[in-house]
Amino acid sequence: QFDKAIHDIEVLKMNAQRLEASLRDRDKALRDAESRIHDMQPMADRYEEATKMYMAMRKAHETAKMTGERYRMEAAQLLGEARRDHKAVIKDLARQTKEVNNMNFQLTTTMDERDKVTARLEALQK
């Protein structure tokens with residue numbers, strides 16, 4: 001039994017040494033991982049800055065798109081108003097042309113009547 005106890009102690013010692021070695025390996029792996037994380041921090045910072053810049057550019061793009069859409073709608077509205085104004089001007093011009101033509105006809109008629117009256121007066125004076 002004494003030999004068995006010594007054997008068990010030897011086995012426990014070896015297990016303890018293996019555990020210590022495993023702990024040292026894990027501790028080294030942890031330090032390596034922390035070192036890699038530290039080394040990668042500048043890259044992570046650049047990524048974060050790039051992400052912020054991308055979001056700002058995307059927001060600016062969306063704002064420009066909305067502004068462009070608003071300008072397009074305003075331009076369409078102004079174009080519609082200009083077309084209505086143009087049609088109104090054309091109608092008014094047609095009305096004025098008709099009035100001028102009527103006045104011209106009346107003036108021509110009046111001049112013809114004047115010429116006839118003048119011819120009668122001259123005939124009467126002779």
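Visitor: Is Val117 buried, partly exposed or exposed in this predicted model?
Guide: Val117 sits in helix α1, residues 2-125, where helices are DSSP runs of H or I with at least four residues, numbered from the N terminus. Buried means under 20% relative accessible area, exposed over 50%, and partly exposed in between, with a 1.4 Å probe and protein chains only. At 46% relative accessibility, Val117 is therefore partly exposed.

Visitor: Which residues form a nonpolar patch on the surface with Val117?
Guide: Patch members have over 30% relative accessible area and no salt bridge; nonpolar side chains (Val, Leu, Ile, Met, Phe, Trp, Tyr) are joined within 5 Å, and like charges within 9 Å. The patch has about 320 Å² of accessible area together, by the Shrake-Rupley method with a 1.4 Å probe, where for residues only the protein chains shown count as cover.

Visitor: Before we go on, what should I know about the numbering and the model?
Guide: Residues are numbered from 1 along each chain as its sequence is written, and side-chain values use heavy atoms, leaving out hydrogens and water. Because this is a predicted model, local features need pLDDT of at least 70 and side-chain atom pairs count only at pLDDT 80 or more, while totals for chains, interfaces and linings use all residues.

Visitor: Where does α1 bend by about 40 degrees?
Guide: A bend is the angle between axes fitted to the seven residues ending at a residue and the seven starting there. A proline, Pro42, follows within four residues of this one. The bend is at Gln41.

Visitor: What is the radius of gyration of the protein?
Guide: The secondary structure comes to 1 helix and 0 strands. The globule rule, 2.2 Å times the number of residues to the power 0.38, goes with a radius taken over C-alpha atoms. For 126 residues the rule gives 14 Å, so the protein is more spread out than a compact globule, with a radius of gyration of 52 Å.

Visitor: Which side chain meets Glu69 in a salt bridge?
Guide: A salt bridge is a side-chain nitrogen of Lys or Arg within 4 Å of a carboxyl oxygen of Asp or Glu. An α-helix has 3.6 residues a turn, so residues three or four places apart point the same way. At 2.9 Å, N to O, the partner is Arg72.

How values were computed. Helix = DSSP H or I, 4+ residues; strand = E, 2+ residues; numbered from the N terminus.
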